[in-house]
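Me: I have a model open on my screen and would like to learn how to read it. Could you walk me through it?

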Protein chains: 2
Amino acid sequence: MNSRLCRKLGIEFPLFAFSHCRDVVAEVTNAGGFGVLGAVGLNPEKLAVELNWINERVNGKPFGIDLLIPQNMVGKDSDSDDAELQGSVPEEHRKFVANLLERHGIDSSDVWTGKYDDRDSSFMRESGAAKMLEIAFQYPIKMFVNALGVPPASIISEAHSRGIVVGALTGSRRHAVKHAQAGVDVLVAAGGEAGGHCGEISTMVLVPEVIEAVQDYDNIDVLAAGGIATGRQMAACMAMGAAGVWCGSVWLTTTEAETTPAVKEKMLKAFSANTVRSRSRTGKPTRQLQSAWSDAWGAKGAPDPLPMPLQGILTRPAMAKVDKLAEAGHEGAKQIAAYFVGQCVGLMNTEQSVRSVVYDFMKDYAEAVERLSATLGDQVPAVAHHG
Amino acid sequence: MNSRLCRKLGIEFPLFAFSHCRDVVAEVTNAGGFGVLGAVGLNPEKLAVELNWINERVNGKPFGIDLLIPQNMVGKDSDSDDAELQGSVPEEHRKFVANLLERHGIDSSDVWTGKYDDRDSSFMRESGAAKMLEIAFQYPIKMFVNALGVPPASIISEAHSRGIVVGALTGSRRHAVKHAQAGVDVLVAAGGEAGGHCGEISTMVLVPEVIEAVQDYDNIDVLAAGGIATGRQMAACMAMGAAGVWCGSVWLTTTEAETTPAVKEKMLKAFSANTVRSRSRTGKPTRQLQSAWSDAWGAKGAPDPLPMPLQGILTRPAMAKVDKLAEAGHEGAKQIAAYFVGQCVGLMNTEQSVRSVVYDFMKDYAEAVERLSATLGDQVPAVAHHG
């Protein structure tokens, strides 16, 4: 496709794949799309390993990373580490999670011993994010995307000086304008139907609203995100003026994905109605597969989720243990197991390779465009010109 | 446009306009779309007046009506009338509304005296709905749409025997399948961003999910609804396989609309974020303009809204009085005043005639199709054929 964004990034097809799984990133890039490694949760050493792995497999084709540079979080810029933050988790919340696990036959005594969550939360402090970027800049990344908030000016200019395109996610018109003012090149307008952190404005409304709001910024491209798992939806978004689409959920049921088998099976069977928007995992609203976990947090009498990052520190080790047990066939764990996913889970019905998902997108996109073109008889433009 | 649905209904452009305002219905039909009169709240005599008025102005061009044939409501099939139902409204709820009005400088003493709401709720009982249909069948309506639930089999067959297309609104895949099994011809798949009664699945996901769910029913057409106020969004929905779009909100800010001026002004200024999904008006979740009304009902300590139709019996006269005062410039009333509207309120920024809205749709649709067609270079289909 000969669009400005495709030329800028050197890609054939403006399908952007967000994934924590390096295999997905490399496969999408190799198939003609653009893979973006979700690096939240990695430490600098692991990031280097992952970027090196991807770089060795894409033969010079472009890829990017998605990082989280925080703005308003407990622990920001302080020296507090995870152990200290652990101490800030109220006993009531810990008991609630422990009870939930025990009710499903899961021993909760070792959950918060460090055994189940080796994730480094230092990326959530500015100094941590800076170290991550330093590593990222040692690899030929073509795009850096900020997952939350406006990227700091210093980072935008450093990226630009290296020829790196800067992107940012937004769930509202208001934030989109702030990103545009800050000099972001690519806005990912993510509707409330998206998996993971999400707002409340739907993709169908947000995409044209954001495009209109930033129309005076000549060099900005808007990607549509939220609920998109097929080429016909990609065509829909591009009919509204999007330069491409950003998809996360659709890769979770691919053969390459690291998704826990029990969760993958749930996703393949799920309809769109089987997701919920809940603060139960990170402290901010995230869309996720409905399960015994979200049911419990949504029930009357459940504690109010903690602010970020405390809720994650509380729940990540619990869900990591649940995933491990679910993988081993533990029935209670299978009831709790879930993951972030968008409403498009209702459109994800067969396990496929990443490459075949990309090719299906291309085929479905082309068919949708042809179907739509065929509707343009003589009448419509003729009438339209009277207007 | 030479589609099956356009041929079936004898229209040029598959833009369906739902409106309680007869002027909007007639204007849309005359401009090449399809006007549908929202008849909920009318009594049979008024319905006859409205249908006659429309029929005299459309010169044989097609139009339809939207009715509500209830399934699970207090008062269904009983002889209880509104006066009796009034008695079922708890004192706590009445006091809450009275306090809210008084806090905004509005005398609440005459609200429930019958002075402000002359609406007949008998349509909410099956016998009432039957009388309404009897009237409707005396006019050359081309389509009957059921606003809630599966239309009864007897009504579907009577409509079919008169050559009338039967439609039904649905906010979920599951209900869509039930409608299809019942013999409905047109499914209106309405996303959670829609104004008025709405579900939680977004238009971007619901439309392809419903189309896939009913693909084995050869004669069903699916219209997309929810958040749609522009031709580019119409093109988006049709790229996903919809046969057309169903719009309600976009007419509310037209010159012909009966919308209270204070509310129209709020809508023209609103962004998509200024709507809320709340049970505060009818007892079921409806999307509406955020105002002091929805704020109060959403606040801690507010009573839980009553089931339908009690909440409407409580709130309609209050909001009718508010509208009247707001129209006269009462400041407190202007803060409370609001109406059902979708998230697309963020795309409705200028007051226009209905006809010019329709022509803008046609022009914007054609441009979106052309923009999308232009993306289909040689590369995409070529790659797609490898898949």
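Me: Where do I start, and what mean pLDDT does chain A have?

Reply: Start by remembering that this is a predicted model. Chain A has a mean pLDDT of 92, and 91% of its residues reach 70 or more. For the complex, the predictor gives an ipTM of 0.94 and a pTM of 0.94.

Me: Over which residues of chain A does pLDDT stay under 50?

Reply: The general idea first: where pLDDT is low, the predicted coordinates should not be read in detail. In chain A, one such stretch is residues 72–77, where pLDDT stays under 50 and the model has 15 contacts beyond four places in sequence. Another is residues 379–387 of chain A, again under 50, with 13 contacts beyond four places in sequence.

Me: Next, the helices. How do α15(A) and α15(B) cross?

Reply: Two packed helices are described by the angle between their axes and the distance between the axes. Helix α15 covers residues 354–375 in chain A and in chain B, and the two axes come within 9 Å and cross at roughly 140°. The pair α15(A) and α15(B) is therefore oblique, and the crossing is left-handed.

Me: Which residues in α15(A) and α15(B) meet?

Reply: From α15(A) come A:Y365, A:V369, A:L372, A:S373 and A:T375; they meet B:Y365, B:V369, B:L372, B:S373 and B:T375 in α15(B). By type, the residues of this contact divide into 6 nonpolar, 4 polar and no charged.

Me: And α2(B) with α3(B): are they roughly parallel or oblique?

Reply: Their axes come within 9 Å and cross at roughly 30°, with α2 being residues 22–30 and α3 residues 44–57 of chain B. Therefore α2(B) and α3(B) count as roughly parallel. Their crossing is right-handed. B:R22, B:D23, B:V25, B:A26 and B:N30 in α2(B) meet B:V49, B:E50, B:W53, B:I54 and B:R57 in α3(B). This contact divides into 5 nonpolar, 1 polar and 4 charged residues.

Me: Let's finish with the backbone. Which peptide bond in chain A is cis?

Reply: Look at the bond from A:M308 to A:P309, which is cis with omega near 5°. A:P309 sits in the loop between α12 (292–298) and α13 (310–327) of chain A. In chain B, the bond from B:M308 to B:P309 is cis too, with omega near 0°, and B:P309 lies in the loop between α12 (292–298) and α13 (310–327) of that chain.

Me: What is phi of A:N59, and where is that residue found?

Reply: Phi of A:N59 is near 55°, a positive value in a residue other than glycine. You will find A:N59 in the loop between α3 (44–57) and β3 (63–67) of chain A.

Conventions
Residues numbered from 1 in each chain as written. Chains lettered and ligands numbered in written order. Predicted model: local features only at pLDDT ≥ 70, side-chain atom pairs only at ≥ 80, totals over all residues. Heavy atoms only, no water. pLDDT = per-residue confidence, 0-100. Contact = heavy atoms within 4.5 Å. Axes fitted to C-alpha atoms, helices over the stretch in contact; angles between N-to-C directions. Helix = DSSP H or I, 4+ residues; strand = E, 2+ residues; numbered from the N terminus. Parallel < 35°, antiparallel > 145°, perpendicular 65-115°, else oblique. Left-handed = near helix turned anticlockwise from the far one by under 90°. Nonpolar A, V, L, I, M, F, W, Y, C, P; charged D, E, K, R; others polar.
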